[in-house]
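Me: Put the model up, please. I have a few things to ask about it.

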Amino acid sequence: MTTPPFEIEILRGRVIEVQRDDNRVRRGSGLLRGMAVIWKHWKESFRLNRSYRQIHGTFTIEYPEERPRIPEAYRNMPILLYDDETGHELCTSCFQCERICPPQVIHMTQAKDPATGKPVPAVAEFIIEYDACMSCGFCAEVCPFDAIKMDHEFELSTDDHSGLTVHKAQLNRPISYYEKIAPTMWAEVREGALKKLQGNIRRRPDVIGIAPHLTERIAARRAELAVQAPASPPEAATPAASAEARKLSPEEKAAKLAAIRAANAAQASDGPPSADGASAAATPTDDKAARLAAIRAANAAKRKQVEEQARDGSGEEA
Ligand code: SF4
Ligand code: SF4
């Protein structure tokens, strides 16, 4: 039986015939070279490396007992910062991180003043879908208030997928935590971030903008201080110092303004009678209306005078 000629059908491309030097013994030489490389690295693995500086090339560590030091700029998942002292979150709900996030995994709502319904510079809810975040760090780079930073924590594996939709309460970390993991990077922005935070706290009524797990504690502390306040001598602090120490809430400001207006109105009604005998009980509104009527009357008289002069002039010419 004869073997049919072996045929290869190549639809496109060229067949390149490789010429081999049949005089050289090549069989097994590649394998030996590979073995030599393995031997070299295996031998090195027995060397005692006393520091990372002595290690070169790829190496393994005894994780989790042994862990490499993570560089400051390392980034895994985003976190939100709050001030250790006041409990206030640095985020103002400016929406810049939400807009820039490439996979659109940031979702937030802005806090509102319950008394007026107006938005305030604080965030009500902040959610990040960790399972779709790609750790690009754009959100941290764009944040003008240094409120969102990249965490170093990487052991996030879970069998609960829904747990990777992370809410504000889980995202919150104190500034001291970030200062510990990235001291140089925080030192660069610290002053500006805290200054902006102080400005925003003044525009936040009540406990709005305070980290959720601290809200109750801070509200209780404030109530405690309010109870203690009458016991202390009222003249102890200078007016400027007390104004600085106690920021008025919007309701308090409105009440204060109303009281000032009422006092001004009462003062106006108690004033001396005017020269033309007008009633002393006239309100500022009445006074304004009377002045307006007088101006209008003067203007009308002036117009009439001009018209008469024009008429007289035309009569003489005729
Ligand atoms: S790190 Fe990137 S992907 Fe993740 S939330 Fe921030 S902007 Fe979005
Ligand atoms: S984290 Fe920063 S960028 Fe994002 S909404 Fe808050 S303040 Fe704006």
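**Strands, ligands and helices**

Me: Which residue stands opposite Pro-78 in β4?
Reply: Met-150 in β4 stands opposite Pro-78. This is a predicted model, where local features need pLDDT of at least 70, side-chain atom pairs count only at pLDDT 80 or more, and totals for chains, interfaces and linings use all residues. Residues are numbered from 1 along each chain as its sequence is written, while chains are lettered from A and ligands numbered from 1 in the order in which they are written.

Me: What counts as a strand here, and what counts as pairing?
Reply: Strands (E, at least two residues) and helices (H or I, at least four residues) are DSSP runs, numbered from the N terminus. Two strands pair if DSSP finds at least two bridges between them.

Me: Back to Pro-78. In what sense do β1 and β4 pair, parallel or antiparallel?
Reply: They pair in the antiparallel sense, over 3 bridges. On the other hand, β1 (residues 78–82) and β6 run parallel, and 3 bridges join them. There Tyr-82 stands opposite Pro-174 in β6.

Me: What strand order does that give?
Reply: The order is β4-β1-β6, an open sheet of 3 strands with mixed pairing. β4 (148–150) and β6 (172–174) are the edge strands, each pairing on one side only. From one strand to the next, the twist averages 50°, taking axes as lines fitted to C-alpha atoms, for helices over the stretch in contact, and angles from 0 to 180 degrees between N-to-C directions.

Me: How many residues of β1 are buried?
Reply: 5 of the 5 are buried, so β1 is largely enclosed by the rest of the structure. Buried means 20 or more other C-beta atoms within 10 Å of the residue's own, exposed means 12 or fewer, and partly exposed is in between, with C-beta atoms placed from the backbone. Pro-78, Leu-80 and Tyr-82 point one way from β1, and Ile-79 and Leu-81 the other way. In a regular strand the side chains alternate between the two faces of the sheet.

Me: What about the sheet with β2 in it? Which order do the strands take?
Reply: The order is β2-β3-β5, an open sheet of 3 strands with antiparallel pairing. β2 and β5 are at the edges with a single partner strand each, so one side of each has no neighbour in the sheet.

Me: Ligands next. Which residues are closest to ligand 1?
Reply: Cys-101, Cys-133, Cys-136, Phe-138 and Cys-139 are the closest of the 14 residues around it. A residue is near a molecule or strand if its C-beta atom, placed from the backbone, lies within 6 Å of it. By class, the shell has 12 nonpolar, 2 polar and no charged residues. Ala, Val, Leu, Ile, Met, Phe, Trp, Tyr, Cys and Pro count as nonpolar, Asp, Glu, Lys and Arg as charged, and the others, Gly among them, as polar.

Me: And which residues are around ligand 2?
Reply: They include Cys-91, Cys-94, Cys-97, Cys-143 and Phe-145. This shell has 9 nonpolar, 3 polar and no charged residues.

Me: Where is Phe-145?
Reply: Phe-145 is in the loop between α3 (138–142) and β4. It counts as buried, with 21 C-beta neighbours inside 10 Å. Its C-alpha is 9.3 Å from that of Val-189, which is 44 residues apart along the chain.

Me: Last one, α6. Where does it bend?
Reply: α6 bends by about 55° at Arg-190, the bend being the angle between axes fitted to the seven residues ending there and the seven starting there. Helix α6 is hardly covered, with 1 buried residue among its 20. α7 is also hardly covered, with 1 buried among its 17 residues.
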